Amino acid sequence: MSLPIPTTNQDVSLLALRSLIRDRSVLGALEVFQQQLGSIFQITLPGFKPVMLAGPEAARFVLVSSRDDLRWRSEGDPVTALLRHGVLVTDGEQHDTLRRAMTPSLHKNMMNRYVETMWRATDQVMQTWVDGEQRDMLVEMRRIALLILTETLFKVDFAPELNRLWQPILKAIQYISPGWWVIWPGVPRPGYGRVLRQLDDYLFQIIRARRAAVGEADDLLGGLIMTPGMDDDLIRDQLLTMLIAGHDTSTALLSWSLYLLGKHPEAMQRAVEEARALPFPEPPSLEQITGLHYLDQVIHEALRMYPPIHLGARIAAQDLDFQGYIIPAGTRVMYSIYLTHRMKAHWNEPARFNPERFTPENNRQRAPYTYLPFGGGPRNCIGALFGQVESKIVLARILQQYSLMLAQQPVHAHMGATLEPRPGVMMNVRRH
Ligand code: HEM
């Protein structure tokens with residue numbers, strides 16, 4: 001006999017609403033639902049009735065045991081409209097072919113080559129900082145992440161385009177962020193067409209330029225061009241996917257890490273000491289980067305508290321049975337990484353910043369599927385290693401050069417395309 005899936009009925013909705021108003025956070029409301037209703041519950045908004053799943057059993061169910069019965073592609077969603085046939089929104093054979101074409105450029109053997117670019121891009125942006133001024137780290141980290149992504153994976157110098165394409169990129173991110181379209185799919189979205197065409201023009205132009213340059217296939221763009229069956233439209237879809245998925249996540253991770261360090265001066269002090277023990281100004285080796293153990297713990301704790309991708313969205317391709325609850329075919333299914341990372345059953349004082357949770361000994365004791373900032377299973381994050389190497393390099397380089405102090409300003413977690421610190425992370429930057 002199937003069990004009825006608990007719904008966000010009136011009583012719990014009132015509790016959740018109270019939390020929403022108090023903390024200005026939808027995430028707080030989701031926490032109330034999960035605490036009151038359990039690991040599976042259905043949100044019941046008009047026109048939007050996803051089944052939410054949280055916790056390790058649910059993660060294993062979505063990411064591994066039932067993954068073939070769940071689709072990533074949802075026709076009509078803005079993310080599909082924007083990325084068309086990008087690897088993120090395709091399924092089956094097409095997905096596997098695309099993923100295979102992109103994997104080599106993100107393999108661990110490639111990371112050595114990226115260290116210098118990551119180091120230099122950080123320098124390039126820091127050179128614009130004036131000693132003693134205030135800067136928004138959400139903006140600065142986006143600039144760094146964009147320069148790194150494009151130079152390593154597309155082999156282009158994006159600096160001359162940064163200002164011109166800044167708004168189109170932000171608009172594209174806004175286009176796929178949760179909004180009215182969630183409950184009103186046909187809502188008019190004026191103003192997007194023009195800026196999205198600007199992005200397309202740029203991407204088609206770098207594809208054409210690369211086709212004309214012979215023999216450069218050792219990056220992501222080169223690899224795509226060499227893959228049989230890839231036309232320019234399909235390559236554009238992968239480039240845009242990587243441009244968005246590969247920089248917006250790093251931007252969120254880096255700015256949350258700096259925010260958390262700014263809030264915890266003793267952790268900042270330890271991270272600074274570690275970073276300043278590295279040789280500089282030359283870029284360090286990958287081995288030296290791997291040896292930044294405390295920064296590693298800080299980054300992992302930032303990913304736990306504020307996972308940039310805080311949920312994974314799917315569509316049930318057929319009826320699914322999760323622990324006796326039947327999820328009908330066609331239902332939108334969402335597994336929450338954020339809720340899983342904050343469950344009291346698996347995390348002691350989950351709201352507290354504590355990088356020590358990620359010492360090697362504590363890592364060994366962690367139960368499987370309780371920590372999933374990069375998802376899991378065969379469709380885990382293709383850029384997980386890239387993102388971790390990048391965040392360590394960028395943070396180490398900044399902390400070598402500057403002392404950062406958090407300016408007084410309340411920050412909340414905003415559910416955009418990623419989980420972002422809003423309105424930003426204002427910090428005083430003082431040259432070391
Ligand atoms: C730095 C922090 C990053 C975080 C926290 C992150 C997180 C994630 C998560 C959770 C997923 C799986 C989502 C799901 O299960 O629905 C994912 C998938 C993906 N990520 Fe990342 N990501 C990061 C960086 C990157 C980078 C740097 C790239 C590209 C260079 C990238 C490209 C992708 C792509 C293409 C997928 C889809 C993979 C597939 O479907 O086969 N990500 N990411």
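Helix 11 gives the most to the shell around the ligand, supplying 7 residues (helices are DSSP runs of H or I with at least four residues, strands are runs of E with at least two, and both are numbered from the N terminus). This is a predicted model, where local features need pLDDT of at least 70 and side-chain atom pairs count only at pLDDT 80 or more, while totals for chains, interfaces and linings use all residues. Residues are numbered from 1 along each chain as its sequence is written.

In total, 24 residues surround the ligand, and the closest are Gly246, Gly312, Gly375, Gly383 and Gly387 (a residue is near a molecule if its C-beta atom, placed from the backbone, lies within 6 Å of it). Helix 17, like helix 11, supplies at least two residues of this shell.

Helix 14, residues 293-305, is mostly covered, with 10 of its 13 residues buried (20 or more other C-beta atoms within 10 Å of the residue's own, all placed from the backbone). Among them are Leu295, Val298 and Ile299. The buried residues pack against helix 11, helix 12 and helix 17 (contact puts C-beta atoms, placed from the backbone, within 7 Å).

Now for strand 2. Val51 and Leu53 point one way, Met52 and Ala54 the other, and all are buried. In a regular strand the side chains alternate between the two faces of the sheet. Strand 2 pairs with strand 1 in the antiparallel sense over 3 bridges (pairing takes at least two DSSP bridges), and with strand 8 in the parallel sense over 4 bridges. Met52 stands opposite Phe41 and also opposite Met334 in strand 8.

Terms used:
Buried ≥ 20, exposed ≤ 12 C-beta atoms within 10 Å, placed from the backbone. Contact = placed C-beta atoms within 7 Å.
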